[in-house]
Amino acid sequence: MSKLTGKIAVVTGGSSGIGLATAKRFVAEGAKVAITGRNQKALDEATRELGPSAIGVQGDVSSVQDLDRIFKTVGAQLGKVDALVINAGVYVLGPVAEFTEAQFDKVSDINFKGAFFSVQKALPVLKDGASIVLISSTVNGKGIPNHAAYSATKAAVRSLARSFSADLLSRNIRVNSLAPGPVDTPVFTTVTSNADEAKAMAAAMGDFAPVKRLGRPEEIAAAALFLVSDESAFMLGTEILVDGGVRDL
Ligand SMILES: NC(=O)c1ccc[n+]([C@@H]2O[C@H](COP(=O)([O-])OP(=O)(O)OC[C@H]3O[C@@H](n4cnc5c(N)ncnc54)[C@H](OP(=O)(O)O)[C@@H]3O)[C@@H](O)[C@H]2O)c1
């Protein structure tokens with residue numbers, strides 16, 4: 001039997017990269033999956049690619065009103081949720097001396113506030129015993145130039161896994177954090193000005209990892225599957241690194 005037969009899952013930011021690979025794996029394992037994202041066209045394409053077991057619900061995770069609507073829609077269309085992957089996030093880089101308030105607000109509102117209120121608004125439609133995975137980043141435990149604000153948002157997310165697990169113990173809802181290293185997704189195009197620069201940055205990030213390559217989104221999806229499945233039933237409030245050795249080598 002597949003690992004998620006009969007289960008309902010939500011993957012925020014499921015229209016691209018790690019989120020889309022995770023949604024694909026969950027569908028392959030028998031789940032019905034709702035994905036979210038801001039861009040309706042990208043969401044429609046991803047939903048089509050995922051097939052009849054998936055629905056797309058448009059919305060911005062930095063808007064609490066959108067999150068409220070998203071999870072009400074999921075509850076109405078799919079029912080109570082077993083697995084929630086809080087993956088929507090943005091990569092905003094810059095040196096502390098030049099980082100603007102607008103950049104700071106953007107990365108905080110999407111990565112930190114978005115994660116916090118995604119969980120809060122999901123609570124009414126989560127089953128008791130559900131599993132929540134917060135996508136963090138290995139950089140939450142390292143000092144890297146230009147990463148101060150981004151890494152801090154991911155440290156906040158890692159912290160939420162502990163505190164949310166404590167808050168939700170009575171409902172037997174487990175919350176864990178999954179920290180990828182550099183992964184081959186479209187994210188590098190969002191912090192560079194053209195395709196050549198994005199390719200060069202991706203190559204440099206792969207080289208930065210001790211394994212000398214980028215991770216594949218499917219390698220992160222495999223860890224997400226483990227964390228939402230009963231295989232990880234004794235794990236809560238902790239962090240799994242899937243980072244090609246970046247943190248520890
Ligand atoms: N790739 C890496 O090397 C890496 C490493 C460590 C951690 N991560 C983390 O992994 C997660 C996924 O990254 P990725 O590389 O797969 O990025 P990606 O390919 O750029 O995908 C990001 C996804 O998040 C959605 N999203 C972004 N802002 C949103 C918002 N305000 N509201 C709703 N959805 C939003 C995007 O859709 P729309 O743009 O249409 O909204 C898209 O579906 C992020 O949290 C990232 O920080 C990535």
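The largest pocket of this predicted model has a volume of about 1,200 Å³, where a pocket is, on a 1 Å grid over the protein atoms alone, an open set of points with protein on both sides within 12 Å along at least five of seven lines, and its lining residues have an atom within 4 Å of a point. Of the 48 residues that line the largest pocket, Gly89, Val90, Tyr91, Thr185 and Val187 are the closest to its centre. Grid points are joined across faces, edges and corners, and a volume is the space filled by probe spheres set on the points.

Because the model is predicted, local features need pLDDT of at least 70 and side-chain atom pairs count only at pLDDT 80 or more, while totals for chains, interfaces and linings use all residues. Residues are numbered from 1 along each chain as its sequence is written, and side-chain values use heavy atoms, with hydrogens and water left out.

The lining of the largest pocket receives at least two residues from each of α1, β2 (32–37), α4, α5 and α6 (195–208); helices (H or I, at least four residues) and strands (E, at least two) are DSSP runs numbered from the N terminus. By class, this lining divides into 24 nonpolar, 20 polar and 4 charged residues, with Ala, Val, Leu, Ile, Met, Phe, Trp, Tyr, Cys and Pro counted as nonpolar, Asp, Glu, Lys and Arg as charged, and the others, Gly among them, as polar.

The ligand sits in the largest pocket, in the sense that more than half of its atoms lie within 2 Å of the pocket's grid points. Around the ligand there are 29 residues, of which Ser15, Ser16, Arg38, Tyr150 and Thr185 come nearest, a residue being near if one of its heavy atoms lies within 4 Å of the molecule. This shell comprises 12 nonpolar, 14 polar and 3 charged residues, and α1 (17–28) and α5 (148–167) each supply at least two of its members.

An oxygen atom of the ligand is 2.5 Å from an N or O atom in the side chain of Thr185, and an oxygen atom of the ligand is 2.7 Å from an N or O atom in the side chain of Tyr150. The protein covers 92% of the 880 Å² of accessible area that the ligand has on its own, as computed by the Shrake-Rupley method with a 1.4 Å probe.

About 300 Å³ of space lies in the second largest pocket, which is lined by 19 residues, with Gly129, Arg174, Val228, Ser229 and Asp230 closest to its centre. β5 gives the most to this lining, with 5 residues, and the lining as a whole divides into 7 nonpolar, 4 polar and 8 charged residues.

There is also 1 cavity of 30 Å³ or more, a cavity being a set of points where a 1.4 Å probe fits but cannot get out. The largest cavity has a volume of about 60 Å³, and its lining has 7 nonpolar, 1 polar and 1 charged residues. α4 (101–122), β5 (126–135) and α5 each supply at least two residues of that lining.

Technical notes. Polar contact = N/O pair within 3.5 Å; in protein donor to acceptor, adjacent residues only side chain to side chain.
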